[in-house]
Amino acid sequence: RLRPHPHTPRVTSRTQDSARSREPPTHMQLTTSNSRRLTVAAAAAAAATLVYLAYRRRERKLLKQNLDAIRSRASALLSNLGAPSGLIRSWVDPSCEYEAETADARRAFFDAHGFLHVRGFCTPAECEAMLRRMAELADGWDPLREAAAFSTGDDQEAAQGSSDYFMDSADRIHFFMEVKAEAAGGGLKPEYANRKGEALNKVGHGLHVVDDVFRAYCDAPKLGALVRALGWRAPAVPQSMYIFKQPRIGGEVTSHQDSCFLYTEPRQTCLGLWLALEPATLTNGCLWVRPGSHREALRRAFRRNPAHYEAGDATAPQMVFEAEQPQESVPWEGKLPERSWPPPSDGLFDAGFVPVECAAGDLVVFPGTLDHLSLANSTEKSRHTFQLHLVEGEAEGVRWSKSNWLQYPEGRSFHSLPK
């Protein structure tokens, strides 16, 4: 009788089960296992989606509540401004005083509070003509040949103050990108290669001089009539700008006074005319103004740098800010007040600002010493505006400062508004 070799393993039911357990899984077993894992993963993903959607719903609800609160608060503040009464001093000509009750109501409100919201100033057709014309101009822009970013932050001296392209734009049409659209080495980021118009911050500063469509708006009788009703006698237009406020990347415009950049002597006479070509809302960057601040002194001026122009230092910036008043007078100059955004924007209200939402075609008019700003565009909708800045002319004894960045070529005068 043969006996098994001592090293031959004995085959038992246990070893048979063990062997079967080491066999590779069948196709059916793999399919069942994978399906089970996929089902678990899908359930987890669905649960995460539901949590995210619930979170977004809560966020939207909270945002709407906060925006409604801002609008309610703004409405109350604007209502409290009311119609002026008594003796009012003209902003553009401080030697002139008049009785509010017998004057043009627009002028009285403007001089008393520092701004005027004219609803429906332009028709939909007029707005569409300017929107369409700018689309044509942007389509013809070559960012490889003309590329410069525009900033309103702390780097303005380095950005605009050292840019020949900016300094030479006074009576021309130049294109300026959003900082967030600029590539690290200059030019456009690749994602804007086929949609370059969405990368623009603004176009300026001679649209009213060079282009027929924008000059037609500038020369419209209704615009000249409004400006003269507000007290300007010899209005001249040194500057025009088309501002895009692009979806998602349209940056904030920090607190400033326009006369800082458009300085006249012996007194400030700059007038801003801010035309909404598209709706301007709390979330896409409407204007915030500080009523009454137009009576405050000019805080600083953006001037040609003597080190560059007189001493001949080519490495020095062409433009510098020079203080006219102590920084402590308005600590948010060139910045935003703390707690400006997100809503409820208590920091802006605490500083005295109020939002001015506009429908397409609305015009906001304000003097050059009014403190104003706009927040970034956090929506998927653009906020296009066309802006004119004018000053009182030489016939009224007012001079354009030779230290301003914007200077026309020798022998060329600013465009005068027709009578």
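## A walk through the model

Start with the whole chain: among contacts (heavy atoms within 4.5 Å) between residues at least 6 apart in sequence, 81% join residues at least 24 apart. You're looking at a predicted model, where local features need pLDDT of at least 70, side-chain atom pairs count only at pLDDT 80 or more, and totals for chains, interfaces and linings use all residues. Residues are numbered from 1 along each chain as its sequence is written, and side-chain values use heavy atoms, with hydrogens and water left out.

Switch to cartoon view. The protein has 11 helices and 19 strands; these are DSSP runs numbered from the N terminus, helices being H or I with at least four residues and strands E with at least two. Of its 419 residues, 49% count as buried, meaning under 20% relative accessible area with a 1.4 Å probe, protein chains only.

**Stop one: the core.** Select Y217, Y242 and W288. These have the most contacts inside the largest nonpolar core, which has 97 residues. Such a core is a set of buried Ala, Val, Leu, Ile, Met, Phe, Trp, Tyr and Cys residues joined through side-chain atoms within 4.5 Å. Now colour helix 4, residues 124-139: it gives the most to this core, with 6 residues. Zoom in on Y217 and, beyond its neighbours within four places in sequence, you'll find contacts that include F121, M130, L275 and F386.

Which strand order does the open sheet of 4 strands have? The order is 8-16-11-14, with antiparallel pairing; strands pair if DSSP finds at least two bridges between them. Strand 8 (253-256) and strand 14 (354-356) stand at the edges with a single partner strand each, so one side of each has no neighbour in the sheet. Select strand 11, residues 287-289, and you'll see it pair with strand 14 over 3 bridges in the antiparallel sense. W288, which you met in the core, stands opposite P355 in strand 14.

**Stop three: Q239.** Select strand 7, residues 235-243, where Q239 is found. Is Q239 buried or exposed? Its relative accessibility is 5%, so Q239 counts as buried. Show the side chain of H389 too: a polar contact of 3.0 Å joins it to the side chain of Q239. (A polar contact is a pair of N or O atoms within 3.5 Å; within protein, one must be able to donate a hydrogen and the other to accept it, and residues adjacent in sequence count only if both atoms are side-chain atoms.) Finish with L390, which lies 151 residues from Q239 in sequence but 7.0 Å away in space, C-alpha to C-alpha.

Conventions: Buried < 20%, exposed > 50% of the residue type's maximum accessible area, 1.4 Å probe, protein only.
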